[in-house]
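Colleague: I have a model open and would like a short tour. Start with whatever I need to read the labels.

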Amino acid sequence: MAPAGRPGAKKGILERLESGEVVIGDGSFLITLEKRGYVKAGLWTPEAVIEHPDAVRQLHMEFLRAGSNVMQTFTFSASEDNMESKYFEHVEEAVWAVEVLKESDRPVAVTMCIGPEGDMHDITPGECAVRLVKAGASIVGVNCRFGPDTSLKTMELMKEGLERAGLKAHLMVQPLGFHTPDCGKEGFVDLPEYPFGLESRVATRWDIQKYAREAYNLGVRYIGGCCGFEPYHIRAIAEELAPERGFLPPASEKHGSWGSGLDMHTKPWIRARARREYWENLLPASGRPFCPSLSKPDF
């Protein structure tokens with residue numbers, strides 16, 4: 001399938017989702033811009049939108065070219081109350097936000113920073129989803145704090161909760177671009193590697209293709225990423241779901257499907273890697289012989 005840009009007709013997000021269309025979100029801003037030298041770790045405030053707007057604009061363009069349909073504003077931690085507390089780890093706060101946003105007469109999408117154990121008051125993911133939909137949310141899900149596998153487990157629990165309650169809503173997931181099977185209820189922030197030693201946990205593009213397919217099979221139609229999710233990860237989602245979407249993103253012009261571009265390499269053993277089976281079954285090494293495969297959360 002050749003890259004074909006994106007469909008020209010403009011449709012609202014609910015119209016897209018209700019027709020079964022896949023909506024691809026964006027990825028990492030704070031973590032990525034910190035690595036690029038535009039954000040200071042700690043409070044993670046988005047001063048780059050004022051000091052370096054071109055850097056923010058460039059990252060938005062990279063996500064767009066990689067296949068994103070929706071790019072969110074870079075405003076995380078932009079208010080004093082957000083710096084002093086944690087938003088949307090508590091379903092009660094998320095419900096308040098939905099109730100206020102419903103006054104705008106626009107579709108409301110809300111994601112929570114929770115894992116399979118639920119929110120900070122032990123409200124299960126299924127019950128969180130039910131409360132959010134009853135409050136008026138049209139799209140519910142999770143973002144950040146946990147990797148793709150863990151986030152999909154949470155999404156499954158949300159879906160089951162909605163089904164038991166006889167409620168319907170569109171599902172949305174934007175996990176970390178890191179593997180975090182060993183983190184606790186607070187997510188990756190409690191891992192000893194957070195935030196400056198997470199590189200060994202970065203998901204490969206093939207991991208993300210697997211995630212995208214599993215999310216789609218679960219019934220999730222808004223699929224994106226959060227911290228650690230680079231543009232090439234978003235491209236992996238777009239490439240995996242190209243059969244459903246009917247086109248590839250512009251960034252795929254330089255990327256052969258499943259490593260097919262390697263068939264032009266001069267080394268025969270590298271040419272042999274130009275196939276899906278090789279990359280799907282690869283168990284990548286970290287190159288650190290004395291490092292553990294898992295960590296112990298600090299909290």
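Modeller: Helices are DSSP runs of H or I with at least four residues, strands are runs of E with at least two, and both are numbered from the N terminus. The model is predicted, so local features need pLDDT of at least 70 and side-chain atom pairs pLDDT 80 or more, while totals for chains, interfaces and linings use all residues. Residues count from 1 along each chain as its sequence is written, and side-chain values use heavy atoms, without hydrogens or water.

Colleague: Fine. At what angle do α9 and α10 pack?

Modeller: About 45°, with the axes of α9 (residues 205-218) and α10 (residues 231-240) 8 Å apart. Axes are fitted to C-alpha atoms, for helices over the stretch in contact, and angles run from 0 to 180 degrees between N-to-C directions.

Colleague: Which residues make the contact?

Modeller: From α9, Arg205, Ile208, Gln209, Tyr211, Ala212 and Arg213 take part, contact being heavy atoms within 4.5 Å. The α10 side supplies Tyr232, His233, Arg235, Ala236, Ile237, Glu239 and Glu240.

Colleague: And α4 against α10, what is the angle there?

Modeller: Helix α4 (residues 53-66) packs on α10 at about 20°, and the two axes are 8 Å apart. Leu59, Glu62, Phe63 and Ala66 of α4 meet Pro231, Ile234, Arg235 and Ala238 of α10. Arg235 is listed in the contact with α9 and in the one with α4.

Colleague: Now the sheet. What is the strand order?

Modeller: The order is β1-β5-β4-β3-β2, five strands in an open sheet with parallel pairing. Two strands pair if DSSP finds at least two bridges between them.

Colleague: Which strands are at the edges?

Modeller: β1 (23-24) and β2 (109-112) are; each has a single partner strand, so one side of each has no neighbour in the sheet. β2 runs parallel to β3 (residues 139-143), and four bridges join them. Across that pair, valine 110 is opposite valine 140 of β3.

Colleague: Which helix lies across β3 and β4?

Modeller: That is α8, which runs at about 155° to β3; β4 covers 170-174. Serine 151 is in α8.

Colleague: Is serine 151 buried or exposed?

Modeller: Buried, because its relative accessible area is 1%. The cut-offs are under 20% for buried and over 50% for exposed, with partly exposed in between (1.4 Å probe, protein chains only). Leaving out residues up to four places away in sequence, serine 151 touches Val142, Phe146, Val173 and Pro175.

Colleague: What about arginine 164, buried or exposed?

Modeller: Arginine 164 also sits in α8 (residues 148-165), but its relative accessibility of 66% makes it exposed.

Colleague: What is phi for tryptophan 44?

Modeller: Positive, about 55°, although this is not a glycine. Tryptophan 44 lies in the loop between α2 (30-35) and α3 (48-51). With 9% relative accessible area, tryptophan 44 is buried.

Colleague: And tryptophan 258, what is its phi?

Modeller: Near 50°, again a positive value in a residue other than glycine. Tryptophan 258 is in the loop between α11 (242-245) and α12 (268-271), and at 10% relative accessibility it counts as buried.
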